[in-house]
Amino acid sequence: MKLGLIGYGKMGSEIFSLFFDSLKDTQFTIVSLYDIEKSREAVEKLLAKQLKRKRLTQEEYEAKCSSFIFTDDYNELSGCDAVIECVFEDMTVKKEIFTKIAGIVSKDTLLLTNTSSLDIAEIFRGIPSPERCLGMHFFYPVKLSGFVELNYLPQNSAEVLDRAEALITTAGKRALRFSGDYHIYLNQILAQCISHSICVSEKTGVSAMKFDNAVKDVFPFAGPFAVLDTVGLGLMAKNPDGFRIPRNKSLLEYGYRIMKSWLDDGCSAASGCFLDYIRDKQTDSDCDTSRFGNGILAMVLNAAVFAAKESGCDKDALLDAVGDVLGLSDKLSAYYHALGYENIITELEKFKSDTGFEIYDAATKADFEEIYV
């Protein structure tokens, strides 16, 4: 097998590492416009350490060293069975890349974009043999996340989807198949959690740090504002038009407006800057925060019901993936049984009354029971 990667930044290097460690008898071609020699030397240095520590035999070391190339020449992608694009989020750049490589690789080569926010159909518009073009969205950090999204298009054949899923499962990950408005769904529900948290913080006068502390039993690793800090406003404050599920738009647009105002006020777009910025801007009210955890759980549980009913994704995989990407401390079904439908409805009705946002319209009890019981 020959696998091509385009882009070797934070995501590209992690995606390469995942497949390089897990795929046997595979040749890798990594196209990058920057630091080609430095990137090659770093991989060879890592392999040398593994050899020294006897994690690789001499034969395995030599095979690994000869199994990859770094290049700035797109023509080296000729002969690839699949090419994964993982450059920065720019529609024009991504379209130009796929237009360029479509004339180099065969018509059977899988063309995969790792976009986390852009319209996948538009990325591939006009590309020959469109049945082999789809999204393959990884989550950061790649090796710790258990899931990869396959964001497929109407023209994708069953054989193409099976080939793409086999690539994911061979790397030890579970594939989630999403189509249409549910493309990049796990990013959408992460954005919903952050936007909900912003809404509650703004309306109650509770600081980001106090909010995260109030929901730490639900998010033991990192609360929504800590996640926002890690990702950075530059990525999270993108226009939410790429997230197209109608009921979610009003909340996401609210969150976008507030995040955009923070950027306009001088907060850095880079990761690791938001909490330092907001700490000097907010003061705390004496609002009761004891129900904050139940409120955000009610929103997540309700959203996941609609996703499980509408997305076409395997239900159990979807529920596991939502809990995984949000870093929840327990399974969604356990939260449903702990809260109960009536408490969930009470929380949702309160938020709907306060905001008017459609995302807080509740699914029926029968739907909740079908998904969680």
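Where does Asp 181 lie? I found Asp 181 in the loop between β8 (174-179) and α7 (185-204). I note that the model is predicted.

**Entry on Asp 181.** I looked up the exposure of this residue: Asp 181 is partly exposed, its relative accessible area being 34%. I then listed its partners, setting aside neighbours within four places in sequence; Asp 181 is in contact with Gln 188, Arg 244, Ile 245 and Pro 246. I also checked Glu 310, which is 129 residues from Asp 181 in sequence and 9.8 Å from Asp 181 in space, C-alpha to C-alpha.

**Entry on helix α6.** I compared the length of α6 (residues 158-170) with expectation. At 1.5 Å a residue, its 13 residues should span 18 Å, and the end C-alpha atoms are 18 Å apart, which agrees. I recorded Val 160, Leu 161, Ala 164, Leu 167 and Ile 168 as the buried residues of α6. Viewed down the axis of α6, these buried residues fall within an arc of 120 degrees, so they line one face of the helix. An α-helix has 3.6 residues a turn, so residues three or four places apart point the same way. On the face of α6 turned away from the buried side I found the exposed residues Ala 158 and Glu 159. Gly 172 follows α6 and has a positive phi, near 85 degrees.

**Entry on helices α15 and α17.** I examined how α15 (residues 332-339) meets α17 (residues 365-372): their axes come within 10 Å and cross at roughly 135 degrees. That angle makes α15 oblique to α17. The crossing of α15 and α17 is left-handed. I noted that α15 makes the contact through Leu 332, Ser 333, Tyr 336 and His 337, and α17 through Lys 365, Phe 368, Glu 369 and Tyr 372.

How values were computed: Residues are numbered from 1 along each chain as its sequence is written. This is a predicted model: local features need pLDDT of at least 70, side-chain atom pairs count only at pLDDT 80 or more; totals for chains, interfaces and linings use all residues. Side-chain values use heavy atoms; hydrogens and water are left out. Helices (H or I, at least four residues) and strands (E, at least two) are DSSP runs, numbered from the N terminus. The expected span of a helix is 1.5 Å times one less than its number of residues. Buried means under 20% relative accessible area, exposed over 50%, partly exposed in between (1.4 Å probe, protein chains only). The arc is that of the directions from the helix axis to the C-beta atoms. Axes are lines fitted to C-alpha atoms, for helices over the stretch in contact, and angles run from 0 to 180 degrees between N-to-C directions. Angles under 35 degrees count as roughly parallel, over 145 as roughly antiparallel, 65 to 115 as roughly perpendicular and the rest as oblique. A crossing is left-handed if the near helix is turned anticlockwise from the far one by less than a right angle, and right-handed if clockwise. Contact means heavy atoms within 4.5 Å.
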